[in-house]
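Please examine the sequence and the three-dimensional structure shown below. The paragraphs that follow lead from the chain as a whole to individual helices and residues.

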Amino acid sequence: MQTSHSKTTWQKWGGLAVWLVICFSASAMGAIFPVGDWYAQLNRPSFAPPNAIFGPVWTLLYLSMAISAWLVWQSGSRQETLLPLAIFMAQLALNAVWSWLFFGIHRMDWAFLDIILLLVAIGVTIVLFYRCHRMAGFLLIPYFCWVAFATALNFGFWRLNV
């Protein structure tokens with residue numbers, strides 16, 4: 001009898017591929033909304049990094065998110081991993097919605113509310129993932145830190161451009 005800890009090679013690596021597709025689909029949501037002239041004309045907070053930084057950082061973060069979710073997915077029974085992965089999917093949805101709010105409809109105030117909720121959801125996800133698989137929790141810490149920084153950026157842009 002096969003248990004969750006003895007998945008076949010296809011189940012293990014196929015699962016990673018699925019989590020990569022899921023995470024990078026959220027990333028693609030951001031790419032739908034080009035930065036464009038609107039963003040270029042905004043007053044920038046003094047601590048805003050160059051735009052070229054965002055792509056590489058987010059690529060690494062989405063990769064670590066996918067690996068983290070994959071580790072949890074394969075770490076226990078469906079009952080044990082259902083809540084942590086559901087919260088993970090909720091935070092991923094909040095992540096994707098932020099791009100639409102900020103870049104799509106130019107609502108920095110709503111985007112700020114969204115990113116606060118996202119930060120809380122990431123914190124909860126880290127705790128739940130850590131309980132399932134320690135490395136999965138640790139892999140999300142850079143994501144939490146970057147989103148905390150992005151929260152300050154969002155607030156800065158909002159306050160400078162109202």
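Among contacts in the chain between residues at least 6 apart in sequence, 79% join residues at least 24 apart; contact here means heavy atoms within 4.5 Å. The model is a predicted one, in which local features need pLDDT of at least 70 and side-chain atom pairs count only at pLDDT 80 or more, while totals for chains, interfaces and linings use all residues. Residues are numbered from 1 along each chain as its sequence is written, and side-chain values use heavy atoms, with hydrogens and water left out.

The chain has seven helices and zero strands. Along the principal axes, the C-alpha atoms of the chain fill a box of roughly 60 × 25 × 25 Å. Of the 162 residues, 40% count as buried; buried means under 20% relative accessible area, exposed means over 50%, and partly exposed lies in between, with a 1.4 Å probe and protein chains only.

The pairing of helix α3 (residues 54-73) with helix α4 (residues 78-104) comes next: the two pack at an angle of about 160°, with their axes 10 Å apart. Axes are lines fitted to C-alpha atoms, for helices over the stretch in contact, and angles run from 0 to 180 degrees between N-to-C directions. The angle therefore makes α3 roughly antiparallel to α4, for angles over 145 degrees count as roughly antiparallel, those under 35 as roughly parallel, 65 to 115 as roughly perpendicular and the rest as oblique. Residues of α3, including Trp58, Tyr62 and Met65, meet residues of α4, among them Phe88, Gln91 and Asn95. By class, this contact of α3 with α4 has ten nonpolar, three polar and no charged residues. In this classification Ala, Val, Leu, Ile, Met, Phe, Trp, Tyr, Cys and Pro count as nonpolar, Asp, Glu, Lys and Arg as charged, and the others, Gly among them, as polar.

Helix α4 also packs with α7, at an angle of about 25° and with the axes 14 Å apart. The two helices are therefore roughly parallel to each other. Gln91, Asn95, Trp98 and Phe102 in α4 meet Tyr143, Asn154 and Phe157 in α7. The residues of this contact divide into four nonpolar, three polar and no charged.

Asn95 is buried, with a relative accessible area of 5%. Its side chain makes a polar contact of 2.7 Å with the side chain of Tyr62, and another, of 2.9 Å, joins the side chains of Asn95 and Tyr143. A polar contact is a pair of N or O atoms within 3.5 Å; within protein, one must be able to donate a hydrogen and the other to accept it, and residues adjacent in sequence count only if both atoms are side-chain atoms.

Two residues of α7 complete the account. Asn154 lies in helix α7 (residues 141-160) and is buried, with a relative accessible area of 1%. The side chain of Asn154 reaches the backbone oxygen of Met108 at 3.1 Å. Cys145 also lies in helix α7, but at 46% relative accessibility Cys145 counts as partly exposed.

Notes:
Helix = DSSP H or I, 4+ residues; strand = E, 2+ residues; numbered from the N terminus.
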